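Good morning, and thank you for making time for this item.

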Amino acid sequence: VYANRLGVPQPCLSCGQIHVKYGQVMRATGWQVGLALQILPYGVLVGKASEYFNDPPLIYCGNELDCFKLLGTAAEPRPALGKGACGQRMLLLTADICTFL
């Protein structure tokens with residue numbers, strides 16, 4: 001329903017279906033909850049925490065969203081490095097570490 005209304009142009013990399021990215025829906029929900037909590041006494045602290053912990057979503061403990069993963073699907077396969085490519089392996093490891101920071 002949301003994909004038709006918002007005009008999502010491309011299919012998901014994980015499942016191949018056209019739908020709104022689940023992370024964006026969780027982020028918008030966190031913003032709405034955070035805004036609603038800011039009218040309560042000391043609600044600014046909880047509201048801002050709700051906004052920041054859902055941008056990107058900090059944790060998902062469910063099994064309903066099949067293609068929602070914190071680690072996205074790689075658009076390209078990892079290169080096959082042969083023996084003796086220690087320098088290239090170190091560069092690849094450095095790129096992986098920088099990706100998660």
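Exposed here means over 50% relative accessible area, buried under 20%, and partly exposed in between, with a 1.4 Å probe and protein chains only. Helices are DSSP runs of H or I with at least four residues, strands are runs of E with at least two, and both are numbered from the N terminus.

Before going further, I note that this is a predicted model, in which local features need pLDDT of at least 70, side-chain atom pairs count only at pLDDT 80 or more, and totals for chains, interfaces and linings use all residues. Residues are numbered from 1 along each chain as its sequence is written, and side-chain values use heavy atoms, with hydrogens and water left out.

Which residues of helix 3 are buried? They are Gly43, Gly47, Ser50 and Glu51. Seen down the axis of helix 3, these buried residues fall within an arc of 95 degrees, so they line one face of the helix; the arc is taken from the directions from the helix axis to the C-beta atoms. The buried residues of helix 3 pack against helix 2, where a contact means heavy atoms within 4.5 Å.

Let me turn to Tyr42. Tyr42 sits in the loop between helix 2 (22-37) and helix 3 (43-53). Its phi is near 60 degrees, a positive value in a residue other than glycine. Most residues other than glycine have a negative phi. Tyr42 counts as exposed because its relative accessibility is 71%.

Tyr42 also belongs to a nonpolar surface patch with Leu45 and Val46, and together they have about 400 Å² of accessible area. Val46 lies in helix 3. Patches are made of residues with over 30% relative accessible area and no salt bridge, joining like charges within 9 Å and nonpolar side chains (Val, Leu, Ile, Met, Phe, Trp, Tyr) within 5 Å. A salt bridge is a side-chain nitrogen of Lys or Arg within 4 Å of a carboxyl oxygen of Asp or Glu. Areas come from the Shrake-Rupley method with a 1.4 Å probe; for residues, only the protein chains shown count as cover.

For the whole chain, there are 4 helices and 0 strands. Of its 101 residues, 16% count as buried.

Finally, confidence: pLDDT, the predictor's confidence in each residue from 0 to 100, averages 77 over the protein chain, and 81% of the residues score at least 70. Confidence is lowest in helix 1 (residues 2-6), at a mean of 74, and highest in helix 3, at 84.
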